[in-house]
Amino acid sequence: MTATIGNFNPGPAALPRPVLERICEGLRDFEGTGISILETSHRSPEYRRVHEGAIEALRQLLGIPPDYAVLFMGGGATLQFALVALNLLEPGRPGEYAITGRWSQKALQEAQKALALLGSDYAVRAIWSSEATNFDRVPRPDELSVSPEASYLHYTSNNTIAGTQFHYIPEVPEGALLVCDASSDIASRPLEVERFGLIYAGAQKNLGPAGVTVVIASPEALERSRARAKPLPSLLSYEAIGAKNSLLNTPPVFAIYALKLVVEHYLREGGLPALAERNERKARLLYDVIDRSRGFYRGSARPESRSRMNVTFRLPSEELEERFLSEAEREGLIGLRGHRSVGGLRASLYNAVPLEAVRALAEFMREFQRRYDYGCG
Ligand SMILES: *Cc1c(COP(=O)(O)O)cnc(C)c1O
């Protein structure tokens, strides 16, 4: 078994090496207490500092306005699909969805199931979809027109499976909330948080290990959650969780601890501008190889919608794709298999994937083409 040189897993994904070392320390002896972070009470002053520190670090890294709440929740991004509808839909005002991939489809389906808990005057609907072309692009700004009566627009800023990404923030009419599933590109580039009603992201791609979901809620979103005609069970309510600062029940202590260390690490590295620059360079390395391969590598996404987080591509045959995967693995380049629903290859280039790992992959791709490209050269 070769040592791993590049971990391109789609999620759970790479974590920064120095942070993993710190986490190991905390697992043995948490801040000189003589016990592990895993054994620490979530009501202890030591954990309180971790909890507050994680929120503070996120506020700083993402530039979250002081009147927005930062919540830590369980259930992954998938639970948010239903919670967005349960907390934010208003009667007679549909929730509208841009369908740009499997995750936005699931977001809509779960919201549809949630309607049964709300009543007959609540609705959700798709207003745009690229399903007919295998989700190869996101809409242009002029293609996305949200109804004046909409409760919210929900969109997926980065489509982890298809490998597409929004490179702009959609406009919504006055009174509609902009809701974003940012699971796979949160903290990868600067973001105007104040334009959003709600942002959510499972931590396991860009922020830390699996087990915690970050929810950033505007005052309007919290107010809608508070004003529900039928009160929601506490753990499903943004307002109830926010009122207890995400300590309504036992939070995922370890995941929040690790997230804090990851976010503080990114702050020390120069924050979002530095991360965005590096992420852009990483993506460019691979897209350049694809674009210069004379058709040996075919990008799955249209160029204007290409993701900087998940680079998806195909080879001339499935047999070559299998060969690519096994030879890459032998070189220590792992996690490159495309999602089972679409096949092909995918390199996930989240924040913690170093530039050198992507250089090694780009070099491997060029070398692989030299060896196997009989047709085009
Ligand atoms: C991974 C992912 C999800 C699912 O996240 P879970 O935490 O596993 O529920 C949802 N949306 C996007 C965009 C994702 O990348």
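Which helix gives the largest share of the shell around the ligand? That would be helix α3 (residues 76-88), with four residues; helices here are DSSP runs of H or I, at least four residues long, numbered from the N terminus.

## About the model

This is a predicted model, where local features need pLDDT of at least 70, side-chain atom pairs count only at pLDDT 80 or more, and totals for chains, interfaces and linings use all residues. Residues are numbered from 1 along each chain as its sequence is written, and side-chain values use heavy atoms, leaving out hydrogens and water.

## Around the ligand

The ligand has 13 residues around it, and Thr78, Thr160, Asp181, Gln204 and Lys205 are the closest (a residue counts if one of its heavy atoms lies within 4 Å). Sorted by class, that shell holds eight polar, three nonpolar and two charged residues; Gly goes with the polar ones, and Asp, Glu, Lys and Arg are the charged set.

Now for the polar contacts, meaning pairs of N or O atoms within 3.5 Å. Asp181 puts a polar side-chain atom 2.6 Å from a ligand nitrogen. Gln204 also uses a polar side-chain atom, 2.9 Å from a ligand oxygen, while Ala77 brings a polar backbone atom 3.0 Å from an oxygen of the ligand. On its own the ligand has 390 Å² of accessible area, and the protein covers 87% of that (Shrake-Rupley method, 1.4 Å probe).

## Cysteines

Searching the whole structure turns up zero disulfides, a disulfide being a pair of cysteine sulfur atoms within 2.5 Å. Cys180 is buried at 2% relative accessible area, and Cys24 is partly exposed at 38%; buried means under 20%, exposed over 50%, and partly exposed in between, with a 1.4 Å probe and protein chains only.

Key:
Polar contact = N/O pair within 3.5 Å; in protein donor to acceptor, adjacent residues only side chain to side chain. Helix = DSSP H or I, 4+ residues; strand = E, 2+ residues; numbered from the N terminus.
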